[in-house]
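The sequence and structure are shown first.

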Amino acid sequence: MKILLHCCCAPCALSCVSSLRAQGIESELFWFNPNIHPCVEYNARLECLREFAANEKLNLRLIDEYGLRLFLKEVYGKIDETVSVPERCERCYSLRLEKTASVAAAQGFAAFSTSLLISPYQNHDALKRIGEEMAAKHGVDFYYTDFRPLFRESRTAAREMGLYMQKYCGCIFSEEERYARKSVMRRRALCEEERYVKKSLTQRRGGAEITEEREMGFLDKNLSQRRGGAEITEEREMGFLDKSLSQRR
Ligand code: SF4
């Protein structure tokens, strides 16, 4: 059996393709991602997928149109602040899976699927539901598999192969939210540290005189202990953010 596999990016497609192969299913890759902005990011992800397809000797079908305006029209109508993140993502899934289903049906594929099913950061239940809705609408099967257990392995393999690794989901809004979340987290961490330090100093002082030098030594020691002796690196912060976002979705 051969299916049309919608690919959001090569690092996610990688383990989906190998898992499908292990099940005796061949994939033809399909690129239609008007949700990826700006253009330089769109090109980087597409070029990476082309390279992956060539290396794996896979056929790649493209609708290569940088789709900022289509995305905004379909997902927001007009820029509407009341559209929530889950609703926005569902509209984005519908836009991409509808096109995939229609191409799969028109080209005689037995079924279609999507590499989005590997990501723990996507709304998996919504993807499954929308995939099935689009399948029914276009008269073609949606090949559902929960690829999520393969996510880490796929990212690791992609890194080892030197594939381009994106830093955000795709749309300009997810790019904005990435920075917004980072600064909120930094502010929270600083406030929490400040509160803790003030409380500790009050307890330690116990009415005694304390010099500025002693105070600074004490602060450094406490902060270092609280951080487990390590700096709070951007990577650790992002790991926390990813986890929180995944839970929120
Ligand atoms: S965050 Fe990702 S899934 Fe959601 S709208 Fe943006 S690109 Fe689409």
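The sections below proceed from the overall layout to individual residues.

## Overall architecture

The structure is a predicted model. Its chain contains 9 helices and 5 strands. Read from the N terminus, the elements follow the order β-α-β-α-β-α-α-β-α-β-α-α-α-α.

Of the 249 residues in the chain, 29% are buried. Among contacts with a separation of 6 or more, 77% are between residues 24 or more positions apart.

The 5 strands of an open sheet are arranged in the order 3-2-1-4-5, with parallel pairing. The edges of this sheet are strand 3 (60–62) and strand 5 (141–142), each of which pairs on one side only. In general, the strands of a sheet pair through backbone hydrogen bonds, in either a parallel or an antiparallel manner.

Strand 1 and strand 2 run parallel and are joined by 5 bridges. Within this pairing, Ile-3 is opposite Ser-27 of strand 2. Strand 4 (residues 111–114) also runs parallel to strand 5, to which 2 bridges join it. Phe-112 has Phe-142 of strand 5 as its bridge partner.

## Strand 1 and Leu-5

Strand 1 is mostly covered, since 4 of its 5 residues are buried. Leu-5 belongs to this strand, which spans residues 2–6. Is Leu-5 buried or exposed? Leu-5 counts as buried because it has 27 C-beta neighbours inside 10 Å, and the cut-off for a buried residue is 20 or more.

Leaving aside residues up to four places away in sequence, Leu-5 touches Ala-13, Cys-16, Val-17, Ser-27, Glu-28, Leu-29, Phe-30, Ser-113, Thr-114 and Ser-115. Leu-60 lies 55 residues from Leu-5 along the chain, and the C-alpha atoms of these two residues are separated by 9.5 Å.

## Packing of helices 1 and 2

Two packed helices are described by the angle between their axes and by the distance between those axes. For helix 1 (residues 10–22) and helix 2, the axes come within 9 Å and cross at roughly 30°. Angles under 35 degrees count as roughly parallel, and helix 1 and helix 2 are therefore roughly parallel to each other. Helix 1 contributes Ala-10, Ala-13, Leu-14 and Val-17 to the contact, while helix 2 contributes Cys-48, Leu-49, Phe-52 and Glu-56. By class, this contact comprises 7 nonpolar residues, no polar residues and 1 charged residue.

Helix 2 (residues 39–56) also lies across strand 2 (26–31) and strand 3, and runs at about 160° to strand 2.

## Surroundings of the ligand

Which residues are found around the ligand? They are Asn-35, Arg-88, Cys-89, Cys-92, Cys-169, Gly-170, Cys-171, Phe-173 and Ser-174. Helix 4 (85–106) and helix 7 (172–205) are the elements that give two or more residues to this shell. The largest share, 3 residues, comes from helix 4. By class, the shell has 5 nonpolar, 3 polar and 1 charged residues.

Cys-169, one of the residues around the ligand, is 48 residues from Tyr-121 along the chain, with 8.6 Å between their C-alpha atoms. Tyr-121 is located in the loop between strand 4 and helix 5. Tyr-121 counts as partly exposed because it has 17 C-beta neighbours inside 10 Å.

## His-138 in helix 5

His-138 is part of helix 5, which covers residues 124–138. This residue is partly exposed, as 19 other C-beta atoms lie within 10 Å; a buried residue would need 20 or more.

Apart from residues up to four places away in sequence, His-138 touches Ala-101, Ser-102 and Ala-105. Between the C-alpha atoms of His-138 and Glu-98 the separation is 8.2 Å, although these residues are 40 residues apart along the chain.

## Backbone features in two loops

Most residues other than glycine have a negative phi, and most peptide bonds are trans. A cis peptide bond, with omega about -10°, joins His-37 and Pro-38. Pro-38 is placed in the loop between strand 2 and helix 2.

Lys-57 is a residue other than glycine with a positive phi, near 55°. Lys-57 is in the loop between helix 2 and strand 3. Having 6 C-beta neighbours inside 10 Å, Lys-57 counts as exposed, because the cut-off for an exposed residue is 12 or fewer.

Methods:
Residues are numbered from 1 along each chain as its sequence is written. This is a predicted model: local features need pLDDT of at least 70, side-chain atom pairs count only at pLDDT 80 or more; totals for chains, interfaces and linings use all residues. A residue is near a molecule or strand if its C-beta atom, placed from the backbone, lies within 6 Å of it. Ala, Val, Leu, Ile, Met, Phe, Trp, Tyr, Cys and Pro count as nonpolar, Asp, Glu, Lys and Arg as charged, and the others, Gly among them, as polar. Two residues are in contact if their C-beta atoms, placed from the backbone, lie within 7 Å. Two strands pair if DSSP finds at least two bridges between them. Axes are lines fitted to C-alpha atoms, for helices over the stretch in contact, and angles run from 0 to 180 degrees between N-to-C directions. Angles under 35 degrees count as roughly parallel, over 145 as roughly antiparallel, 65 to 115 as roughly perpendicular and the rest as oblique.
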